[in-house]
Amino acid sequence: MSSFLGCCLKRDRLSEVIEVVVVKCPDSCCCGCCSAFRPRYKRLVDNIFPANPEDGLVKSNMDKLMWYAMNSPGKLDHIGDYLAHRLYRDINRKKTGYVIISMDALDQLLVSCHANNLNLFVESFLQMVQKLLESTEPTLQLRATQSFEKFANIREDTPSYHRRYDFLVSKFSSMCYSNDDDVVTRKQLRTAGIKGLQGVVRKTDWDNLGENIWLPTHMEKIVPSLLYNMQGNESYVKGTTEIGDAPDNHQNDGEKEPHELAEMCLRELVSRATYGKIHNIVKPLLIHLDQQNLWVNNSFAVQTFKILMFSIQAQYSITVIELLMAHLNERSSESPQIRTGIADVLSKVIPIAAGECIGPSVIEIINSLLEHIRSSVVGVLNGKEGSAEKVYQETLIHALGEYANHLPDYQKIDSMVFILNKVPGSDRVDDGESPRPEAEVKLQHLLLKSLLKVGTKYTTAQYSTTFAQSFLVRLMRLSVSSVAEVRLIVQQILHTLIDRHQNTDKLMKPTLELTRLGLTIGKPVRQDVNFWKKSGNELLLSIQENCEFANNKLANIEAIYATLMLLVTEIRCDDVIVDILRVLFYIQITAQSGKVNAVASIQLHAMVAAVMVVISHMVPALKDHVGAVIKKRSDTNPHLLPELLPHYDSSLPHSNLPEDLLFDNAKVLDLLTSTNLDEKRLNASISSMMRRHSTTQHSSAADLNSISVEVDSACSSPGLTRRPLEEEITFEALKKVLTESPEQRRKVEEERRKQITEAFMTESFEALVAKIQAKQPDILQNKLTEIFSRLPPTCPPTQPSSASISCDSAVGITSPSSIYQLPYPDIFIY
């Protein structure tokens, strides 16, 4: 050996000698003959291992190794490779003590050394962690997890984009499901698995490697693993734990239970998710809940989704709701219990996201809930479980109400309009005779309950804002439905939207004892007065028609009473009092006429008495008359006074009552002359109602005709002729105008013109004149008078001739005596 060495030295080949010696000398050589020729980093690494592994890492030598690594960062990759080599050898030889020492050395090097070329060292480190995780010894698995957790908290200056964590995700997820026979070991392995997953998520997100970890293949392993451990907490399953903001993270993680760590990890995972990654988290969660059948007893599902909603970035919370509703769509064929569980989760978590909803997302969610209600109605009619479906429907309505409760007021109004447009029958008039399909009636009932639920969450400020014209018109059409339950819900909706001082609960039962009501009456507001002048007649017409239905129940009568009382107390103006008096006299006439049964007639009389007492306190001039009628009824016919009963003896007097038991409209008119109220308005209204009652038409033509509308005169514009009204303006005519589309009106008008033209070309002159005179006898004379009144004074009418009358031989004019000679006088209307 010495001769060979000397020869090599003479030839200046010392480097080759060292290489030969190092290659030929085994690592286990203990003679020391080759230690001088080994690389320094290997000697430093070897020196950190004690003779007895129980003594632990040699601290002084470890400090030398760290100093060398920090001053020679280029040797870090070699140090990592050599440590990995020793670790593999110690694992194969079952030398667990030395394995632990190797991992301790790696941990200290990772924490102390931050260099640009740390990536090569990290590769060796991850290989060693993987090697330990692949072992079957729990001790090594736990030690590997501890090292990786420390590594995950290091932010590298130059992240390695080729690095992958697929194996770590799979291994840590499997550790979360550990079923080791030893309880302590099982808990430790599950805790280690959760911490490992948390480290993977944290590391990839910090190092901008998130596109790998957020893949569905990884999320399908991570999310169920966390949920599985959270299920170990009985308080989640039983719903006794209230989930709010994130728990305190300053506690010692070693003292935490697996379900606590799993919750913390899930919160951190969700908080790091961006818009495009939320789906990859929620989808595995929904699948896990499906597979574990956790929707029926949905306490765990509620708690889990609350964790999601409180942890996710606020602007993305609505996405969770959309995914949950899409899942409900996918599970539409499941049992009602499962669908009810999903809907209940929606109702619990949807308010959290409601404040973040903007634009179309509000309508989309409401529309989806309404579609589920409609599908449920169809399912009940097709033979599905009725009681379970009803619970499901009520849950959906509750979810809709909770969602609307957290919307701003302007979106609540839009929501109510949207729901009303979905109600069957809101776009046409119910004639009260043709039977409604069962599905349509049920859907009407449920959608109106949904509208009522949203209305209870809305606070009315101005009626003109709440009752938009299109909204009010559709609601009034439904208020005269032939179904008593539908009419009742519409009245309840009116109560909710009209009441601004919480008086509805005090007005549920008609009474004469006003002192115990304790009503809160608002101050008169000009905006309310303007609203009443514009839309008050619509409300009163619906109330009048509501009183005429034969299928009215006690609840319907009480609801009408509450509506009248709310109008009186909320809209403080003279016109309201006069119009309410008009309606009360009409209701009294209806009760007297025998159009309704005996029970309804008695109830109407009692309701009128209750409202008249309130008005008499507001108009003191009426107190004596109202008091006299009340006293007479109390002495002779107490059944005509509140309290209202659901049933009465049919033999009790209810129609054709003597005058002293009725409120006299003539006396009321006389008494109003001494007040500021417009008694002419009431007089005209009463006359109109009497005419309407005598014709027994189920419309409100008289009331509409009693209201005078001032319009600009067409004759004030030169050269324009006012078109006379060809038909009486009736309630039915206005309904027709509102319901007909412009295309329909255009077709009717074209058909009418076609008929006029054809008649003018084919029929004889005498037939045309007879037809016009039979239709409107005075139109010829009136039209001619109007024409002569518009003639200039320089062109007086002359004597008629057989053909035409000439004025300066230029203008043809027809006198009143010869107006019947015109070919078709109706053309002057155009």
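Modeller: Buried means under 20% relative accessible area, exposed over 50%, and partly exposed in between, with a 1.4 Å probe and protein chains only. This model is predicted, so local features need pLDDT of at least 70, side-chain atom pairs count only at pLDDT 80 or more, and totals for chains, interfaces and linings use all residues. Residues are numbered from 1 along each chain as its sequence is written, and side-chain values use heavy atoms, without hydrogens and water.

Colleague: Is F151 buried or exposed?

Modeller: Take its relative accessibility, which is 1%. By that value, F151 counts as buried.

Colleague: How many aromatic pairs does the structure hold?

Modeller: Rings of Phe, Tyr and Trp (its six-membered ring) pair if their centres lie within 6.5 Å. The number of aromatic pairs in the structure is 11.

Colleague: Are the rings of F148 and F151 stacked, edge-to-face or tilted?

Modeller: Planes under 30 degrees apart count as stacked, over 60 as edge-to-face and the rest as tilted. The centres of F148 and F151 are 5.9 Å apart and the planes are at 50°, so the pair is tilted.

Colleague: What is the relative accessible area of F148?

Modeller: F148 is a buried residue. Its relative accessible area is 0%.

Colleague: What kind of aromatic pair do F148 and Y165 form?

Modeller: The centres are 6.3 Å apart. The planes are at 65°, and the pair is edge-to-face.

Colleague: Which residue has its charged end over the ring of F151?

Modeller: A charge sits over a ring if NZ of Lys or CZ of Arg is within 6 Å of the ring centre and within 35 degrees of the ring normal. Here the charged end is 4.3 Å from the ring centre, and the residue is K203.
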